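Have a look at it first, then read on.

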Amino acid sequence: MLRRTFLHSAAGLTGLAAAATPAWALVEINVNKGNVEPLPIAVTDFVSSGDLGTKITDVIAADLKRSGLFAPVSKQAFIEKISNPDQPPRFEDWKVINAQALVTGRVTQEGDGRLRAEFRLWDTFAGQQMTGQQFYTQPENWRRVAHIIADAIYERITGEKGYFDTRVVYVAESGPKNARKRQLAIMDQDGANARALTNSNDIVLTPRFSPSRQEITYMSFEGQQPRVYLLQLETGQREVVGNFPGMTFAPRFSPDGQRVIMSLQQDGNANIYTMDLRSRTTTRLTSTAAIDTGPSYSPDGSQIVFESDRGGRQQLYVMGADGSGQNRISFGDGSYSTPVWSPRGDLIAFTKQSGGKFSIGVMKPDGSGERILTTGFHNEGPTWAPNGRVLMFFRQPAGSGGPQLYSIDLTGYNEQQVQTAGYASDPAWSPLLE
Amino acid sequence: MSRTEVPAAGRMQTLARNPAILALFMGLALAGCANKKNMPNSAGELGLNNATPGSTQDFTVNVGDRIFFDTDSTSIRADAAATLDKQAQWLQRYSNYAITIEGHADERGTREYNLALGARRATATKQYLASRGVPAGRMKTISYGKEKPVAVCDDISCWSQNRRAVTVLGGAGM
């Protein structure tokens with residue numbers, strides 16, 4: 001569907017490529033610094049015969065701006081007009097408007113109907129090309145190509161993987177609070193291409209992506225039987241996960257996509273089970289007279305974090321993937337729930353209730369280094385961007401309104417609302433496709 | 001026929017304080033009962049005294065179909081026990097009804113936990129009714145967590161109305 005090749009340095013035309021400047025001498029952003037000064041970057045309109053070049057660059061610039069790490073320079077300030085992206089730009093023209101990085105490109109329609117998009121990223125002060133790539137795809141994928149280019153720019157400058165070529169599943173909510181309708185919906189991470197995945201006849205909750213991005217596991221009250229389901233995104237095919245004697249809820253995939261882990265409610269207690277999707281065998285992992293729920297695997301699949309009120313209030317616990325060695329890791333004031341292991345493995349995000357407030361925070365898997373990123377009347381249900389640098393969650397206002405989605409950097413800065421057509425909750429960020 | 005129209009009327013009693021909700025239920029009742037002769041014409045006709053003994057309305061209005069819980073608690077309070085005692089007597093007298101107990105939580109918790117909390121409340125209610133002689137085989141439970149509040153506001157008095165277990169004659173559940 002989408003083919004990528006790297007472009008040789010156009011700077012070679014000027015002989016600069018021979019300078020062999022080490023990569024770390026080029027413009028870069030340290031994402032660990034917290035409140036970084038965004039890097040001024042000029043994203044020029046890709047050369048094209050129609051307006052597609054401009055549309056693609058606008059998506060790229062919006063991605064970079066929303067990350068909080070880049071400050072796209074206003075097009076009005078541009079001096080040089082890029083008409084041949086194969087030629088090195090006039091670096092002086094970009095330095096004088098303080099664009100430390102520059103993006104040029106071209107989009108053309110191939111004879112077979114495919115779209116060819118190419119871009120080059122320049123370090124204006126070093127006078128060098130930092131990267132250059134080209135893509136072939138179907139014209140309807142133009143937004144995806146723009147996100148992939150934004151990811152390449154982000155990765156080249158920050159040294160971290162990007163997260164723009166991703167999607168989010170969530171619960172779209174509508175209607176008054178005491179008669180709220182809920183549907184599963186999916187959108188690009190920037191809010192574009194939103195569409196419903198289910199009708200609003202039944203309550204649906206907690207959708208989660210499979211590692212392949214092809215399936216969603218979620219909970220539905222269909223037929224007044226609250227249970228965990230699988231949904232194939234391509235075909236719309238649905239099936240119940242397992243045949244359990246009670247409500248199943250809080251599902252997630254294992255990192256290899258072979259299992260779904262979830263809670264089973266039996267009388268007053270909830271315990272954690274896995275079901276192998278190929279053999280259909282189920283395994284019980286916890287066995288307590290308590291509410292054990294919210295399970296989430298470590299990215300290597302060896303451990304599971306979950307919440308339990310076995311000690312009185314909801315707290316976070318970590319256990320081996322076979323249920324062994326269940327140890328409490330949260331000891332702060334208040335209660336902790338909805339733990340999610342970072343795709344990088346280094347942190348666990350959670351919802352914390354304390355002093356009448358609901359916060360989103362992170363801690364290390366051993367429970368140390370707790371940090372609250374945002375706090376207020378009601379923040380809930382964090383999900384990680386695939387690079388482990390950004391979190392999305394939902395915020396419920398007091399009173400009769402409905403929830404909305406927000407994103408925030410791991411540093412606690414750059415909180416932004418994610419635009420959705422109506423109320424939205426339970427976001428789950430997709431993995432990045434390689 | 002009456003089993004579909006009467007619950008709406010019964011709930012209207014408890015919700016009558018909220019004009020918007022009342023209007024909504026009136027709308028539903030009108031839409032659902034357009035061809036029925038005994039359809040009430042106004043809220044005033046939905047009086048306490050009209051309930052036929054043994055009817056759903058009788059249960060909802062004269063016995064009380066719901067009990068309430070303290071924050072993050074599944075204990076049956078004294079006032080709730082009194083209601084459940086009446087429910088048990090009524091259910092033993094009118095033994096043709098199967099029931100579903102719906103467990104609910106207020107909005108001041110996270111979604112997954114509240115599903116389990118609602119289930120615990122439904123289970124505690126079921127166990128209490130069983131201890132008062134209602135056969136367990138007649139009772140099913142379902143939890144809606146915090147997803148179906150009846151009262152909408154942002155203070156404690158309101159949240160307390162949502163922490164509830166509702167005994168529904170017939171109904172769904174597992």
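The points below cover the contact between the two chains and one residue beside it.

1. Ground rules: this is a predicted model, where local features need pLDDT of at least 70 and side-chain atom pairs count only at pLDDT 80 or more, while totals for chains, interfaces and linings use all residues. Residues are numbered from 1 along each chain as its sequence is written, chains are lettered from A in the order in which they are written, and side-chain values use heavy atoms, with hydrogens and water left out.

2. Chain A puts 45 residues into the contact and chain B 29 (contact means heavy atoms within 4.5 Å). About 3100 Å² is buried between them, 60% of it from carbon and sulfur atoms; that is accessible area (1.4 Å probe) lost on putting the two parts together, summed over both. On chain A's side, Lys177(A), Asn178(A) and Gln224(A) lose the most area, together 18% of what that side buries.

3. Seven salt bridges link chain A and chain B (a side-chain nitrogen of Lys or Arg within 4 Å of a carboxyl oxygen of Asp or Glu). In the one between Lys177(A) and Glu107(B), the closest N and O atoms are 2.9 Å apart.

4. Where does Thr351(A) sit? It is in strand 23 of chain A (strands are DSSP runs of E, at least two residues, numbered from the N terminus). Thr351(A) is buried, at 0% relative accessible area (buried is under 20%, 1.4 Å probe, protein chains only). Its contacts, not counting residues up to four places away in sequence, include Tyr336(A), Phe358(A) and, from chain B, Thr110(B).

Definitions and conventions:
Helices (H or I, at least four residues) and strands (E, at least two) are DSSP runs, numbered from the N terminus. Buried means under 20% relative accessible area, exposed over 50%, partly exposed in between (1.4 Å probe, protein chains only).
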